[in-house]
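Hi,

Here is the structure I promised to send over. Have a look at it first, and then read on for my notes.

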Amino acid sequence: MLTLKLQRTGKKHQAMFRLVVGEKRSKLVGKQLEYLGWYNPNRHLHQFKQERVLYWLKQGAQKTDT
């Protein structure tokens with residue numbers, strides 16, 4: 001099953017997240033199917049590829065709780 005997940009990047013106490021599509025059972029470290037955007041909680045900024053997010057949701061990908 002495919003899921004949309006947030007993959008943590010950045011330094012300690014300066015977290016940034018990538019929105020990625022990958023298998024639900026696979027770990028976040030490693031290869032993902034597609035990179036869909038990023039989110040910075042420290043500055044409250046984000047940028048996502050809306051059309052690709054909608055495409056994956058229509059293909060049956062589930063969103064994680066986060």
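Which residue does arginine 52 form a salt bridge with, and how far apart are the closest N and O atoms? The partner is glutamate 34, and those atoms are 2.9 Å apart. Before I go further, please keep in mind that this is a predicted model.

Arginine 52 has a relative accessible area of 28%, so it is partly exposed. Glutamate 34, at 18%, counts as buried because the limit for that is under 20%.

Leaving aside residues up to four places away in sequence, glutamate 34 touches Leu19, Val20, Val21, Arg52 and Trp56. As for its place in the fold, glutamate 34 belongs to strand β3, which covers residues 34–40.

The structure holds 2 aromatic pairs. One of them is phenylalanine 17 with tyrosine 39, which is stacked, with 6.5 Å centre to centre and 25° between the planes. This pair also links distant parts of the chain, with phenylalanine 17 in strand β2 (residues 14–23) and tyrosine 39 in strand β3, 22 residues apart. Phenylalanine 17 counts as partly exposed at 21% relative accessibility, and tyrosine 39 is partly exposed as well, at 28%.

Tyrosine 55 and tryptophan 56 form an aromatic pair that is edge-to-face, at 5.4 Å centre to centre and 75° between the planes. Within it, tyrosine 55 is partly exposed at 35% relative accessibility, whereas tryptophan 56 is buried, with a relative accessible area of 13%.

Now for the sheet. What order do the strands take? Going across, it reads β4-β3-β2-β1-β5, an open sheet of 5 strands with mixed pairing. At the edges are β4 (45–48) and β5 (62–63), each of which pairs on one side only. Here is how the neighbours go together:

- β1 and β2 run antiparallel and are joined by 10 bridges; glutamine 7 has arginine 18 in β2 as its bridge partner.
- β2 and β3 are also antiparallel, paired over 5 bridges, and arginine 18 has tryptophan 38 in β3 as its bridge partner.
- β1 (residues 2–11) and β5 run parallel, with 2 bridges between them; leucine 4 stands opposite lysine 63 in β5.

If you follow those partners across, arginine 18 is bridged to glutamine 7 and to tryptophan 38. Helix α1 (residues 50–58) lies across β1, β2, β3, β4 and β5, and it runs at about 120° to β3.

The loops have a few things to look at as well. Where does glutamine 32 lie? You will find it in the loop between β2 and β3. Despite being a loop residue, glutamine 32 counts as buried, at 13% relative accessibility. A polar atom of its side chain lies 3.3 Å from the backbone oxygen of lysine 27. Not counting residues up to four places away in sequence, glutamine 32 touches Lys5, Val20, Val21, Gly22, Ser26 and Lys27.

Histidine 13 has a positive phi near 65° and belongs to the hairpin of β1 and β2, with 2 residues between the strands. Histidine 13 is exposed, with a relative accessible area of 77%. Histidine 44 lies in the loop between β3 and β4. Its phi is near 55°, again a positive value in a residue other than glycine, and at 64% relative accessibility histidine 44 counts as exposed.

Cheers

Methods
Residues numbered from 1 in each chain as written. Predicted model: local features only at pLDDT ≥ 70, side-chain atom pairs only at ≥ 80, totals over all residues. Heavy atoms only, no water. Helix = DSSP H or I, 4+ residues; strand = E, 2+ residues; numbered from the N terminus. Contact = heavy atoms within 4.5 Å. Phe/Tyr/Trp six-rings, centres within 6.5 Å; stacked < 30°, edge-to-face > 60°. Buried < 20%, exposed > 50% of the residue type's maximum accessible area, 1.4 Å probe, protein only. Pairing = 2+ DSSP bridges. Axes fitted to C-alpha atoms, helices over the stretch in contact; angles between N-to-C directions. Polar contact = N/O pair within 3.5 Å; in protein donor to acceptor, adjacent residues only side chain to side chain. Salt bridge = Lys/Arg side-chain N within 4 Å of Asp/Glu carboxyl O.
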